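My notes follow in the order in which I looked things up.

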Amino acid sequence: MAEVARTRSVGFRATGGWIGHFLDSEKVFGYVLVAPAVAYIVLLVGYPFAIALWFTVSNATVAHPIANFTGLTNLVAVLDDGIFRRALINTFIFTLTSQALQMVLGTILAFLLLRKFRGRRIARALIMIPFTIPIAIGAMAWTWMLNPTYSVINWVLVHAGLLTQGPNWLGEEYPAMFSIILVNVWRNLPFTAIVLTAGISAVPQEIIEAASLDGASWLVRWRKVMVPIIAPILYIALLFSLVFTFTDMTVVWLMTRGNPVDATHVIASYAFQTGVVAGSLGRGATMSLFLFPVMLVGAIVILRNLKARTLD
Amino acid sequence: MAVLTQARVQHSTAFRLRKLRGQVLFWFVLSLFIIFACFPVYWMFLTTFKQVNDLYNLQNNPLLFQLAPTLDQVQYLFERTNFSTWVLNTGEVGLAVVVITVVICVPAAYVLARSQFPGSGSLGMGIFLTYLVPPTLLFLPLSQLVVGFGLVNDKWSLALVYPTFTIPFCTWLLMGFFKNVPREITEAARVDGCSRLGAMFRIVLPLSVPGILTICIFAFTLAMQEYVYALTFVSSSDQKMITLGVVTDLIRGDVFFWGSLMAGALIVSIPVAIVYNLFMDTFVRGITGGALK
């Protein structure tokens with residue numbers, strides 16, 4: 001209260017033109033300065049989102065964007081589509097497998113990078129590379145590495161005596177799915193590792209020492225002492241990682257385009273195929289919004305867990 | 001006594017052995033991770049500079065140069081494709097994105113970090129959460145909006161759309177910088193009769209130049225590497241930005257120009273990789289909304 005009174009009196013004394021004077025109310029100043037950002041987001045995120053919602057219940061196409069209300073026709077048609085159902089399952093497999101691998105490998109990598117050794121900075125920079133190059137570029141490099149004829153990975157595997165003949169990575173169902181997950185893990189592992197590194201190094205050393213003096217094993221120290229402390233960071237990293245993996249289409253689109261025979265589509269890539277390539281706005285929007293409720297609930301749960309202490 | 005010493009010696013040998021084994025294991029696992037991370041880049045590099053006869057000869061060991069390295073593929077990229085146009089487009093659009101982002105972010109981040117007014121907390125949170133809205137949710141309605149603006153198949157449509165993710169990201173990052181400028185300095189200025197706007201322009205902004213430059217770099221590189229919106233809104237080669245151009249234009253029908261494609265990939269990756277490596281911690285701080293201190 002006292003602070004408010006002080007700001008007021010200071011505001012009164014302040015000079016400047018009428019704009020300066022007008023803006024001297026903290027409230028007005030705040031709203032005026034934040035307005036452009038809010039306006040931009042409302043116009044180019046909020047409004048399109050509303051249009052997307054309208055698309056889901058209309059028969060809009062690229063040729064006829066002015067459409068009629070068709071109720072749940074799109075939803076029924078989408079649910080009836082075998083490729084979509086396959087894409088839905090793939091999306092979950094893709095996201096959950098990538099996430100699990102990233103968490104396990106990321107934890108190992110984080111502990112490696114936390115050790116003090118010569119060349120640590122260089123090692124760290126090298127490990128970061130996949131995350132620092134554009135994902136579209138990375139996906140193309142992998143597509144070339146997994147090329148049916150000139151695959152360098154197959155060459156290595158065959159010459160190491162592990163295989164007699166490598167698979168056609170992107171041309172067969174399971175290898176293709178495996179490749180997509182692999183590239184996604186390759187891309188996101190550095191991010192997971194760096195977040196974990198930062199989190200772990202923020203844990204006070206005394207607490208860990210105290211726990212180990214009390215006879216806690218490595219696993220117990222990790223699960224009962226460190227994880228609870230770094231949980232907020234883990235949560236937010238997980239949130240980003242989940243949302244972006246869940247909705248990503250770049251890797252799939254560039255590497256397999258959903259092939260072979262539409263077996264590797266994820267929802268985002270199939271929505272792109274339907275909405276942009278085939279021009280069926282209603283169906284495409286229904287697909288791309290299909291998982292929005294899941295994501296929203298997930299985001300709310302995670303953000304609740306974060307509590308106020310992390311985002312002050 | 002002698003027994004004790006012997007025991008100690010044995011103990012320390014065992015200890016040293018265990019330590020050595022640990023070291024070996026450590027370097028082995030670390031090398032695996034490094035190879036996994038870097039091999040694709042090495043492969044890009046090889047592909048870029050190999051002669052075509054070398055690249056497509058299955059008898060050769062693909063991991064090494066069998067014939068002398070060549071610049072043919074790079075030359076092809078510059079002379080026979082629209083590569084220089086894409087670079088130019090990237091520069092223009094990237095610059096526009098940077099300008100829009102800075103003009104909108106600086107004031108917003110400033111008040112969200114330093115003022116308290118009803119709803120400021122939830123506004124900040126709301127802007128942060130916008131970053132979570134993925135392109136694949138919005139590309140269909142935005143494509144219609146782009147039609148409405150008359151920007152079909154026009155690179156400037158991207159300058160309009162990219163701020164939707166650069167603004168949330170940069171605002172959040174910038175808030176961190178503004179919070180670090182001590183409150184006392186602005187309060188003192190205000191007592192001396194400086195207006196709120198004046199305090200911002202004359203005191204806080206000059207002290208936050210490094211922060212503002214950082215968000216310029218991020219806005220530019222985020223725009224430069226975007227793929228989904230670019231693929232949706234732009235189809236003519238002469239309107240493409242660099243990333244999209246490289247990954248789409250060097251495939252003609254079923255023929256992939258792998259050498260030139262990887263050359264372009266390398267040229268795009270190097271600057272971005274350097275920037276992100278230098279600013280990695282800041283970048284992660286931006287993504288995690290300050291959850292990492």
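**Helix crossing in chain B**

I first checked the hand: helix 4 of chain B and helix 8 of chain B make a right-handed crossing (the near helix is turned clockwise from the far one by less than a right angle; helices are DSSP runs of H or I with at least four residues, numbered from the N terminus). I note that this is a predicted model, in which local features need pLDDT of at least 70, side-chain atom pairs count only at pLDDT 80 or more, and totals for chains, interfaces and linings use all residues. Residues are numbered from 1 along each chain as its sequence is written, while chains are lettered from A and ligands numbered from 1 in the order in which they are written.

I then found that the axes of helix 4 (residues 83-114) and helix 8 (residues 163-179) of chain B come within 8 Å and cross at roughly 45 degrees, on lines fitted to C-alpha atoms over the stretch in contact, with angles from 0 to 180 degrees between N-to-C directions.

**Chain contact**

Next I looked up the interface, where 81 residues of chain B are in contact with 83 residues of chain A (C-beta atoms, placed from the backbone, within 7 Å). Helix 1 (residues 2-49) of chain B gives the largest share of chain B's side, 13 residues.

**Domains**

Finally, I noted that chain B is assigned domain 1 (12-40) and domain 2 (81-287), with bounds from an automatic or database domain assignment, and that the C-alpha centres of these two domains of chain B lie 40 Å apart.

Key:
Helix = DSSP H or I, 4+ residues; strand = E, 2+ residues; numbered from the N terminus. Contact = placed C-beta atoms within 7 Å.
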